[in-house]
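Here is a short report on one protein model. Keep the sequence and the 3D view open as you read.

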Amino acid sequence: MSVETVKLTGKPVAEHLRANIKARVADLNERNIVPTIIIIRVGNKEDDVFYERSILKNCSLLGIEGRVEELPENVSMEELSKAIEDANSDENIHGIMMFRPLPEHLKEREILEKIDPRKDIDGMTPGNLEKIFEGDDSGFSPCTPKAVIEMLKYYDIPLQGASVAVSGRSLVVGKPLAMLLLNENATVTICHSKTKNIKSITSQADVVVVAIGKAKFMNEEYFTESSIVIDVGVNDDGNGKICGDVDYDKAFGKVKMLTPASGGVGTITTTILLEQAVRACEMITDK
Ligand code: NAP
């Protein structure tokens with residue numbers, strides 16, 4: 001049997017958030033403050049350069065100054081640490097974003113610990129992750145899990161008391177998302193590659209979030225007609241097109257609501273980064 005699936009797109013969510021960001025940037029400008037971020041990029045990975053361009057474009061649309069510190073692939077721990085320390089101590093920089101993963105010769109955790117948590121707009125430092133686990137919303141969240149929460153809230157999907165199955169337990173998506181959902185009073189089940197019979201868990205959940213990095217892995221058999229499915233996955237479908245971790249064509253018409261791989265959660269992430277940049281600026285400049 002088929003149902004009328006509602007396609008949950010990210011664009012209106014991002015637009016809603018951007019209107020709020022613009023108003024707050026205008027308030028800061030009135031005090032002669034321009035929110036400013038620095039992107040620290042080690043090497044020249046195509047994905048990083050692509051994301052960097054998108055961040056810079058969005059910065060200029062929102063009145064945020066975006067700077068880039070480009071470091072060579074073979075940068076030393078000392079040089080990278082110095083770049084971070086300079087950004088930490090520069091009072092005109094309010095947010096720091098560093099691409100990851102870093103090249104293998106660099107000790108990533110040691111580097112992350114050097115970023116001032118007040119400027120950690122990508123929610124990468126141990127201190128900010130700890131706050132999420134403590135249910136303290138004064139810190140910064142990794143952007144993708146926050147984008148999922150904003151998507152669910154914008155479309156008025158009730159979380160309090162809802163059962164949510166999160167597939168994937170990485171530190172950038174699955175784990176912090178599970179904690180953010182718990183903070184919204186959802187009942188959360190985390191699934192991973194060793195979970196037995198995932199279908200029985202996903203098909204009983206009100207909301208299913210999929211972040212496993214496996215192209216079109218979950219088809220309609222994982223869901224029911226009342227499932228609300230948020231697909232975080234971004235994969236190459238083998239034909240040069242982007243696809244999700246959910247088989248969109250198979251699930252569409254079989255579930256209540258579904259996000260597309262292109263134009264879904266990913267559309268919101270950069271806006272979350274910049275909202276956190278403005279919040280960092282407000283906090284640092286003591287608004
Ligand atoms: P990751 O670090 O590779 O983690 C994948 C997680 O999925 C792991 O916890 C793994 O379990 C679990 N997993 C793998 N196969 C599974 C299976 N068959 N059943 C259940 N769980 C399984 O990936 P990630 O960085 O979290 O990213 C996940 C997806 O989100 C990727 O497609 C990525 O491209 C996408 N993503 C999108 C955005 C965005 O802005 N839209 C941002 C970041 C990531 P184990 O822990 O047991 O190995």
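## Val 42 and its surroundings

Val 42 touches Leu 71, Pro 72, Glu 73, Val 75, Leu 80, Leu 102, Pro 103 and Leu 106, leaving aside residues up to four places away in sequence. Contact means heavy atoms within 4.5 Å. Val 42 belongs to strand β2. Strands (E, at least two residues) and helices (H or I, at least four) are DSSP runs, numbered from the N terminus. Because its relative accessible area is 7%, Val 42 is buried. Buried means under 20% relative accessible area, exposed over 50%, and partly exposed in between (1.4 Å probe, protein chains only). Ile 55 lies 13 residues from Val 42 along the chain, and their C-alpha atoms are separated by 16 Å.

## Basis of the model

This is a predicted model: local features need pLDDT of at least 70, side-chain atom pairs count only at pLDDT 80 or more, and totals for chains, interfaces and linings use all residues. Residues are numbered from 1 along each chain as its sequence is written, and side-chain values use heavy atoms, with hydrogens and water left out.

## Strands

Strand β2 (residues 36-42) pairs with β4 in the parallel sense, over four bridges. Two strands pair if DSSP finds at least two bridges between them. Ile 39 stands opposite Met 97 in β4. In a regular strand the side chains alternate between the two faces of the sheet. In β4 (residues 95-98), Gly 95 and Met 97 point one way, Ile 96 and Met 98 the other, and all are buried.

Six strands form an open sheet in the order β1-β11-β8-β7-β5-β6, with parallel pairing. Its edge strands are β1 (6-7) and β6 (187-191), each pairing on one side only. Within this sheet, β7 and β8 run parallel and are joined by four bridges. Val 209 stands opposite Ile 230 in β8.

Helix α6 (residues 143-154) has 12 residues and should span 16 Å at 1.5 Å a residue; its end C-alpha atoms are 16 Å apart, which agrees. The expected span is 1.5 Å times one less than the number of residues. Nine of the 12 residues of α6 are buried, among them Cys 143, Lys 146 and Glu 150. The buried residues of α6 pack against α1 (11-30), α7 (174-183), β7 (207-210), β8 (228-231) and α10 (266-284). Asp 156 follows α6, with a positive phi near 55°.

Just after α10, Asp 286 takes a positive phi of about 65°.

## Ligand site

A polar side-chain atom of Ser 193 lies 2.6 Å from a ligand oxygen. For Thr 144, a polar side-chain atom lies 3.4 Å from a ligand oxygen. Val 234 uses a polar backbone atom, 3.1 Å from a ligand oxygen.

## Cysteines

The structure holds zero disulfides (pairs of cysteine sulfur atoms within 2.5 Å). Cys 191 counts as buried because its relative accessibility is 1%. Cys 243 is also buried, with a relative accessible area of 6%.

Technical notes
Polar contact = N/O pair within 3.5 Å; in protein donor to acceptor, adjacent residues only side chain to side chain.
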